[in-house]
Structures are given as C-alpha cells and as structure tokens.
Amino acid sequence: MTITPERPLLPVVTLPTEGAAGTCPPEAPCASGRAALTCRYRCGDACAHDAPNTSDNETFADVMARAASRRGVLRAGAVIGAATAATAAFAGPAAAVPTAPATKGPKGKPGPAPKGKGPYGLRFDPVAPNTADAITIPSGYRQDVVIRWGDPLFKDSPRWSVDRQSAAAQRRQFGFNNDFLALLPLSRGTQLLVANHEYTSEELMYPGYDPANPTREQVETSWAAHGLSVVAVRETRNGSLEPVVGHQLNRRFHTQTEFRLTGPVAGHPLVRTKADPRGRTVLGTLNNCAGGTTPWGTWLTAEENFNQYFANAATVTDPTTAARLARYGVAGTASERQWEKFDDRFDLAKEPNEVNRFGWIVEVDPYDPRAVPRKRTALGRFKHEAAQPRITKDGRVAVYMGDDERFDYLYKFVSRDRMKKGRSASAKRHNDTLLDHGTLYVAKLTGDSPTSQIDGTGTLPKDGEFDGSGAWIPLVSGTKSFVKGFTAEEVLLFTRQAADVAGATKMDRPEDVEPSPVSGKVYVALTNNSNRGAAGKAGADEANPRNANKNGHVLELTEHRNDSGATRFAWTLLLVCGDPNDPATYFGGYDKSQVSPISCPDNVTFDRHGNLWVSTDGNALGSNDGLFGVAVEGRDRGLTRQFLTVPLGAETCGPVVQRHRVLVCVQHPGEKDGASADAPASHWPDGGSSVPRPSVAVVWRKDGREIGV
C-alpha cells in the first residue's frame, strides 16, 4: 500500500472514536463515523430525529410472534410451513453460496487479501484502513484530480477564490459536494462527465459565515452551488482526464434553472403555486444524490433530502397535510440555511405546495444543450437514492430505486411501453415518454429461516445464510391506484404513505440499487440503522438481521427467471458489513481473515468482469471512507478488497470503474465538527493552508494496464 498524492501530504490525523467530538454521539441513531456537521447540512439531522415511518405494517417476525402467542407452537409451525410454501412459489432457485468457514486474522487486525491473487479486476494490493488527509491507493497506481468545486466550465468562467465567491461566478463553475458520477461516450479520447451537487456546507464554504444571519449573496451562491454539472473531459498523455473548458455541451443546472414536471402528477392542484399556477414548471433540483444512466443516452438523477430546505411546517394546521409533511421529515420553523428569508417558495406558510415539487427522479439529456430536464412523476416521490434501469425480457424498462431513510422501502418502476433501439429522431421521441407511463412497485421480503434463528445479533441461521423470497407489490399503474384510500396521483405524491398501507418491508436505509450488467442480479446497499430493534421500533428480520445496525449490509436480489419485469424474486445477503473479526459479520461465506473491513455501504457499481464495487459513507470502524471491490460469483464470492480511501472527513461517492480508470467523487472533505472556512480540518486537494474542495478524482495503473488484472 502506498500513498501517492499529487501534492505534499499533511501529517496523519487520528479519527475520533464513535461518540467523541466530531462524530454523532452514541445515543444518536446514526452513531457512525459521520460528523454532526455533515448530518446538519446533508440531511437536516435526519438521524437526530425519530424515523418518519411510524407505520405498523407487519414483518414476518411480527406474524410469527403473534402466531406463537395466540395459537401456540403448533400454530406457529403452520405459519412456517405456509411461508416456506410461499417462498417456493415466489422465487426461482437462489444462487449457490460457498460456505467456507470464517477464520480470524491477528486480533484487531483483519488480514489483507493475498497479493496478486483473486478474480480478474480485483488483483491489487488492498489498501489498509487509515486516517490520512489524502487519497490512498494501491502500489503501482497513480492518481489525479479531474475537477474541483469552483473550477471553470466556460470560457468566461471567473477564476475561483474562497474570498471572491458570488452567485454569478458559481453558475459558471463546477458545483459543490459532487455525489453521483457517470462518464458517457462522446468522441475518441473525449467523454461527457455528469455529476450531481447534492448539498452545500456553508460553514466550510464562506469565511466568516454566521449561520444565524446568512447574507443574500451567500444564499444565492449556495443556490448556484446546488444542482448538476455536465462537462466534457479528455484523456491526457499521462493517463488522467481534464475538463474541456468551453465545450459546447458543458452546462450547469442550479436552483434557479427551469425543470419540467411530466407524468400523472403534472398539473395536479397539489403541485400548483403562485409562480406556476399550471403546476408544470419547477425552478431547480435539490439534494441530488445517486442516479443512473439509461440505454437511450439520458441521465437520471435522484432528489433525496429535499425536506430540510422548507421552513415553517409547524404552522400547518390541516391534519392531512401535516401528516404528509411529517412522513417526509418536513418539520419545524426556520430552516438551517434560512432560504425562506430570500425566497417565499421555501416558506410553507406562504407556498404550501412547493415542497411537493421535489423528491422526484429527474431525467436529463446531456447531449442536447437546449433540452429542459424532466421530473418524472410516474416514478413516485420519496427520498430517492439511485435510479438505475435494466431492460426487461420483453423490451420494457425497469428502474430500481431506494428510499434513503431508516425503515423505508425498496421500489421498482416498470414502463408500460417497450424501448425503441437506435438513435433516430423517432426512437428519441418515443423513448422520451417511457418514464411517464408504467407501474410503480414496492418490495416485500420474507426470510426462509424460523424467526427464532434471527435473534438480532447477526448470527447466521442454521442454513448458513440470510436469504429468502420476495414480491413486488403494485402501488399504481397510470391512472389506476392499487392502494385503498389513495388516488393514483396521491400514490405518486405521497408514495411513502401508500407503501405503508401496502405493507412493504422496512429496510435499513436502502441507498444505491443497481442491476449488474453482467449477471442481471440487483444489488442493494443498506447503509445502517442503529434504531433497528430499539424500543417501539421494528426488530431484526432476516433481510435486516442485526439490531443496532451501525455497519450496514449489501443485499443481492435475483428476479424470477432473471427478468426485471417479474413480480417475484429471491434474495440473499452478500455482505453483512463491519470488522471481519466481529462474529456478526458475513462476507458471502468467504474466509474472513482474507478480506478488508468495510462499513456503511452507500453507492455501488460494477467492473467489466462483473465484480461489485462499493463506496462507503460514515465508516463506523475508525477509518476514512473508501472504495471496495467485491467478488460476487464462484469460489471467490465475498472476497472484499479496499481499493482506496478518501481524505479526512470525506465521503466516497459516485464510483465509476472503467477498463483503465477508476473515478470517485470526493464529497465534503474536511467536514469535521468545529471546522470552518477559517479553520479547515482538511487541506485536500490543494494543500498548504487552503480550504478543502469537493472534487472528482481519477486513479489508473502506472504501467497503463487494466485495473486489477
């Protein structure tokens, strides 16, 4: 393992342990390595409040407990038999999983994977956990920064300076806190980089920032720093990538950019405002997290923690409206950033419907500089994390989505119409309508082990794995609602509440959800949920097998007959994350002395060999966040190797794994409690006494060969 920064390194700083200054306190539901500052600005302190899902939809464990208490053991046995029969009916055969015994390395030191061995794509020396203020990469590799917050996109973009920021300048520069990342084909040696800018951390952005009294210029600059960027990048002679400043396809979308509402909710009375009485045009997109790309060449971006931007929910007196707001975590009086002081649309007392215009999947055509982005309402409204399509066997489009909240749900949308192949004008017009018509489903998962074997400790059941079957429950299709008491439009506007009624399975923060382009299996990153099993909260079930789940897990879902249009599936847990020396962890049956420790999985992607790559957010093991390669098939299934770590206080986002390059978004470097633009906790990537700048980084092999072979 080597540290190969492009600039001189700062001394290594030891991360505080859980509960120390700079992290969430142990009594907080997050209780991971994430700073409280991150929680405040990224998700509006979601983990400091009760989870908004207060529904009593039953888990399989609930059914079993009730059966045992009311009818006795014989009745419980009948329920088990019925559930087993249902499993056989719902799911095809699950993939076989090796069951090699888990062994431990030296006490407290998980053993690294053997050098030079393993499957293609993962043959690199794993990086050890560390707390360096640098990107740490394997020996034999190089790294560079592709683009930073504030870097120019256009010929007239002003040069960035922390002391000379303005809204006008930021609209012409790369935005803040890049999250989702994709590279789309353009021309030989040139690609189109698309990135989300999830949120702003004002204390780290503006010298002398006063949270109680933000200035108009600071607020408008933050409006401009949110949103999306499209920028052409070209290969350099040394193997890196660099922006093509002034390229005709470069664009910035921000909080004042026009977006169009499409699909069943467009024009509905609950999305009409004073500024938009027709309910069809929205200014901006907020808190864009993960996303996806479509086979027809567009980009899907997911609006996540939009709730935190809206003020004065406490003034709402109508009980129905108040319940809807509460289910999405919209609460309180003033917002953290206080945007409502400068724009009435963020004040629910003045514009009660503006909040309903956020929380959607947005489709962007990055190849058309004149195209207006569309908010696709047929895909439902919630705290979207991810939107990755896969084509069904009959040619339709399935889009997989997670709702990133404790005890919330996993979703799938299947289009009504088939995709048209090709790049003709006719195909483009047709495919432009695909995501406006279809069926939205929510997942219900059932384990195949007796409840008594799922005790919340993470101990494997007697069959040697956490697995089971599942069904996609239809919520709405076009103008038809399948949820009693909800119109079709209400299902799409208040999808969480509709899914509550439908009895979906409460999950441990489903974040990125992506189907493998090699196998078709779907992988779900479940980041953590320290409230699992707490008083009054849902306890462990086989799909979420640990109470006080601080390290998260990764679920593998196999659609019936490998068809993404199916309504039933089999599932298994590929990883139960944490320290491999902890008996409550599981790595697909692989020898645990030979894997890297991993905590809080967030985003996922794949290499061309079919390996899963996982980035982390909020590492609860005392190390910086990182990127990991995981084998998913064959004798190496479960082998997990750390490829890189990001700098102090940063999160690893938006991984892209190409044949010769790996790219990551380094989000919120230096975001540690007590840090500010006047007293930064990190100086990455510019070094010296500079403020940290969220950036896109690239890693490649020094010898120019493929990654991990």
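Is Cys-665 buried or exposed? Cys-665 is buried, at 0% relative accessibility; buried here means under 20% relative accessible area, exposed over 50% and partly exposed in between, with a 1.4 Å probe and protein chains only.

## What you're looking at

This is a predicted model, in which local features need pLDDT of at least 70, side-chain atom pairs count only at pLDDT 80 or more, and totals for chains, interfaces and linings use all residues. Residues are numbered from 1 along each chain as its sequence is written, and side-chain values use heavy atoms, leaving out hydrogens and water.

## The overall picture

The protein has nine helices and 32 strands. Of its 709 residues, 63% count as buried.

Take the contacts (heavy atoms within 4.5 Å) between residues at least 6 apart in sequence: 67% of them join residues at least 24 apart. The accessible surface comes to about 25000 Å², with 52% of that belonging to carbon and sulfur atoms. Those areas come from the Shrake-Rupley method with a 1.4 Å probe, and for residues only the protein chains shown count as cover.

## The largest pocket

The largest pocket has a volume of about 740 Å³. A pocket, on a 1 Å grid over the protein atoms alone, is an open set of points with protein on both sides within 12 Å along at least five of seven lines, while a cavity is a set of points where a 1.4 Å probe fits but cannot get out; lining residues have an atom within 4 Å of a point. Grid points are joined across faces, edges and corners, and the volume is the space filled by probe spheres set on the points.

The lining of this pocket has 36 residues, and Ala-182, Thr-293, Gln-388, Glu-514 and Thr-605 lie nearest the centre. Two or more lining residues come from each of β2 (178-187), β9 (288-293), β13 (384-391), β21 (510-515), β26 (601-606) and β30 (651-657). Strand β2 gives the most, with seven residues. By type, the lining splits into 17 nonpolar, twelve polar and seven charged residues.

## Cysteines

With a disulfide taken as a pair of cysteine sulfur atoms within 2.5 Å, the count is zero. Cys-289 is in no disulfide, and its nearest cysteine sulfur, in Cys-653, is 6.6 Å away. Cys-289 is also buried, with a relative accessible area of 2%. As for Cys-665, the closest cysteine sulfur is again in Cys-653, at 6.4 Å, so the two are too far apart for a bond.

## Helix α9 and two residues

Helix α9 (residues 495-502) has six of its eight residues buried, so it is largely enclosed by the rest of the structure. The buried ones are Thr-495, Arg-496, Gln-497, Ala-498, Ala-499 and Asp-500. Just after α9, Gly-503 takes a positive phi of about 80°.

Val-414 sits in strand β16 (residues 410-418) and is buried, at 3% relative accessible area. Leaving aside residues up to four places away in sequence, Val-414 touches several others, including Thr-392, Tyr-441 and Ser-564. Arg-159, by contrast, is exposed at 76%, in the loop between β1 (141-148) and α3 (167-170).

Notes
Helix = DSSP H or I, 4+ residues; strand = E, 2+ residues; numbered from the N terminus. Nonpolar A, V, L, I, M, F, W, Y, C, P; charged D, E, K, R; others polar.
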